[in-house]
Amino acid sequence: MAWVTDDRVSALTHWDTCTTKEEALNYLTKTIIPHPWFMAICLNGKPIGSIFVMPGTGKHKCRAEVGYALAFKYWGRGIMTRALKMVVHLAFEEWPQLERIEALVTLENVSSQRVLEKAGFFKEGVLVKYYNLKGKTWDMVMYSYVPNDPRL
């Protein structure tokens, strides 16, 4: 799990960098395994990142949130864009009630914004002072993927 042990990857995520094998195993058993839809991104049979979809429930069942992380040495190769396109397709098949998939990214994370745009997501706007992460309040950019979106 190279991506969970790298400060460059975890800097703008909700989880902290794992510095020991025990921390990584704890993250695996308490976060990844119980998650309803968490997948590894593999290259040549080796996990190099992760991607998840969290479907909404109740009044929010029409939408889901997607999140992802990729080991630093694989950034800039189009891997995450490809994985994201595949996952979006699978999510709409698995949950036919979905009408949109959302992603929130910090305003500063321009690379992740580009991934979303290349995967067909629409930039809806900036949510000012929206998310407290690691002791700082961040402006977040809301992206959405809506099939047959007339805005695209």
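Which elements each supply at least two residues of the lining of the second largest pocket? In this predicted model, the answer is β1 (38-43), β2 (46-55) and α3 (79-94).

## The second largest pocket

The second largest pocket holds about 230 Å³ of space. Its lining is made up of 13 residues, and those nearest the centre are Ile 41, Cys 42, Arg 82, Ala 83 and Met 86. Helix α3 gives the most to this lining, with 6 residues.

By residue class, the lining of the second largest pocket comprises 12 nonpolar residues and 1 charged residue, with no polar ones.

## The largest nonpolar core

The largest nonpolar core has 29 residues. Within this core, the residues with the most contacts are Val 53, Val 66, Leu 84, Ile 101 and Phe 121. At least two core residues come from each of β2, β3 (63-70), α3, β4, α4 and β6. Helix α3 provides the largest share, 8 residues. In soluble globular proteins, nonpolar side chains tend to be buried together.

Leaving aside neighbours within four places in sequence, Val 66 is in contact with Ile 51, Phe 52, Val 53, Leu 84, Ile 101, Glu 102, Ala 103 and Phe 121.

## Strand pairing around β6

Strand β6 (residues 136-145) pairs with strand β4 (residues 100-106) in the antiparallel sense, over 6 bridges. Thr 106 has Met 140 as its bridge partner in β6.

Strand β5 (residues 122-133) also pairs with β6 in the antiparallel sense, here over 8 bridges. The bridge partner of Asn 132 in β6 is Thr 137. Together, β5 and β6 form a hairpin with 2 residues between them. Lys 134, in the turn of this hairpin, has a positive phi of about 55°.

## Gln 113 in helix α4

Gln 113 belongs to helix α4, which covers residues 110-118. Is Gln 113 buried or exposed? Gln 113 has a relative accessible area of 8%, and because buried means under 20%, this residue counts as buried.

Not counting residues up to four places away in sequence, Gln 113 touches Val 105, Thr 106, Leu 107, Lys 123, Val 141 and Tyr 143. Among these, Thr 106 is the residue whose bridge partner in β6 is Met 140.

Technical notes: Residues are numbered from 1 along each chain as its sequence is written. This is a predicted model: local features need pLDDT of at least 70, side-chain atom pairs count only at pLDDT 80 or more; totals for chains, interfaces and linings use all residues. Side-chain values use heavy atoms; hydrogens and water are left out. Helices (H or I, at least four residues) and strands (E, at least two) are DSSP runs, numbered from the N terminus. Buried means under 20% relative accessible area, exposed over 50%, partly exposed in between (1.4 Å probe, protein chains only). Contact means heavy atoms within 4.5 Å. On a 1 Å grid over the protein atoms alone, a cavity is a set of points where a 1.4 Å probe fits but cannot get out, and a pocket is an open set with protein on both sides within 12 Å along at least five of seven lines; lining residues have an atom within 4 Å of a point. Grid points are joined across faces, edges and corners, and a volume is the space filled by probe spheres set on the points. Ala, Val, Leu, Ile, Met, Phe, Trp, Tyr, Cys and Pro count as nonpolar, Asp, Glu, Lys and Arg as charged, and the others, Gly among them, as polar. Two strands pair if DSSP finds at least two bridges between them. A nonpolar core is a set of buried Ala, Val, Leu, Ile, Met, Phe, Trp, Tyr and Cys residues joined through side-chain atoms within 4.5 Å.
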